[in-house]
Amino acid sequence: MRRLVCVSFFMVILAAWEMCVHYGFWSDMLLPAPSQVAGYCFGALADGTLFWSSLVTLKRLCVGYGVGLLLGLPLGILIARFLILEDTLGVVALGLQALPSVCWAPLALLWFGQNETAIFFIVLMGSLWSIVIATDNGVRNVPPIYAQAARTMGSKGLRTWLTVIVPASLPFIVSGMKQSWAFAWRSLMAAEIYVTVLTGFGLGHLLHYGRELHAMDTVVGVMAVIITIGLLTDKVVFSPFERFIHRRWGTARS
């Protein structure tokens with residue numbers, strides 16, 4: 001019933017939007033009608049433009065985000081473990097995480113030029129620090145009694161961290177991973193808008209050229225695709241994993 005109400009609500013919004021454009025309440029150059037956006041999307045899917053652009057973007061996103069995870073998880077654990085790293089690298093991570101991802105674009109262009117490396121660097125910098133901070137916070141939120149109980153049963157050093165502390169912090173880490181995925185998306189869109197490469201045109205490039213050509217149906221259509229991919233990723237990947245982790249550790253809502 002709730003889903004039916006949500007679908008009905010969005011259908012009413014789309015119908016009202018269509019009527020406003022049709023009767024001239026605003027120009028389609030300002031905001032195109034849903035039918036115009038749908039026409040662009042179906043046409044771009046038919047000629048393969050939208051499919052291949054989405055594939056290129058997702059490939060870049062997965063590579064940058066994956067490397068961010070590989071670097072961010074151990075860094076976050078080390079920062080939580082050693083006080084000297086908390087006072088140095090932890091402060092740096094907190095400051096860089098607050099830096100908008102678009103700020104990395106000029107630096108990447110000066111360092112690497114118009115190529116895939118520049119895009120990768122921007123995505124990595126956009127996602128890495130939020131993973132580091134989430135991992136650090138997750139480890140610190142583990143109740144100390146867990147480690148104490150493990151030590152009384154003979155667990156020591158690295159084994160305690162790998163078998164008790166890190167698994168117990170997973171609910172917090174998974175939430176940080178989801179947030180980092182969103183940061184990686186934003187970073188990639190900024191990268192593709194600013195960095196022009198010949199190795200593949202992504203969704204950000206379609207946004208850029210839609211703006212240059214004043215093709216509002218392209219701009220709104222690509223934005224809708226980005227939103228759809230983000231929602232599908234959350235529903236298919238992160239939400240099931242997050243529910244499993246919370247059930248596994250008994251932190252799920254009753």
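Is Val5 buried, exposed or partly exposed? I found Val5 to be partly exposed, because its relative accessible area is 47%, where buried means under 20%, exposed over 50% and partly exposed in between (1.4 Å probe, protein chains only).

**Entry 1: the model.** I noted that this is a predicted model, in which local features need pLDDT of at least 70, side-chain atom pairs count only at pLDDT 80 or more, and totals for chains, interfaces and linings use all residues. Residues are numbered from 1 along each chain as its sequence is written, and side-chain values use heavy atoms, with hydrogens and water left out.

**Entry 2: the whole chain.** I looked up the elements and found twelve helices and zero strands in the protein chain; helices (H or I, at least four residues) and strands (E, at least two) are DSSP runs, numbered from the N terminus. The C-alpha trace spans about 75 × 55 × 30 Å along its principal axes. Of the 254 residues, 41% count as buried. The accessible surface comes to about 14,900 Å², and carbon and sulfur atoms hold 71% of that surface; such areas come from the Shrake-Rupley method with a 1.4 Å probe, and for residues only the protein chains shown count as cover. I then turned to contacts (heavy atoms within 4.5 Å). Among those between residues at least 6 apart in sequence, 69% join residues at least 24 apart.

**Entry 3: the ends of two distances.** I placed Val5 in helix α1. I placed Trp26 in the loop between α1 and α2. Trp26 counts as partly exposed because its relative accessibility is 27%. From Trp26 to Leu107, C-alpha to C-alpha, I read 40 Å in space and 81 residues in sequence. Not counting residues up to four places away in sequence, Trp26 touches Trp17, Cys20, Val21 and Leu31.

Entry 4: Tyr40 lies in helix α2. I count Tyr40 as buried because its relative accessibility is 15%. Beyond four places in sequence, Tyr40 touches Leu50, Leu206, Asp217, Thr218, Gly221 and Val222. Glu192 belongs to helix α10 (residues 170-194), and Glu192 is buried because its relative accessible area is 0%. Leaving aside neighbours within four places in sequence, the contacts of Glu192 include Thr57, Arg60 and His205.

Entry 5: What is the phi of His214? I read a positive phi of about 60°, although His214 is not a glycine. Most residues other than glycine have a negative phi. His214 lies in the loop between α11 (203-212) and α12, and His214 is exposed because its relative accessible area is 58%.
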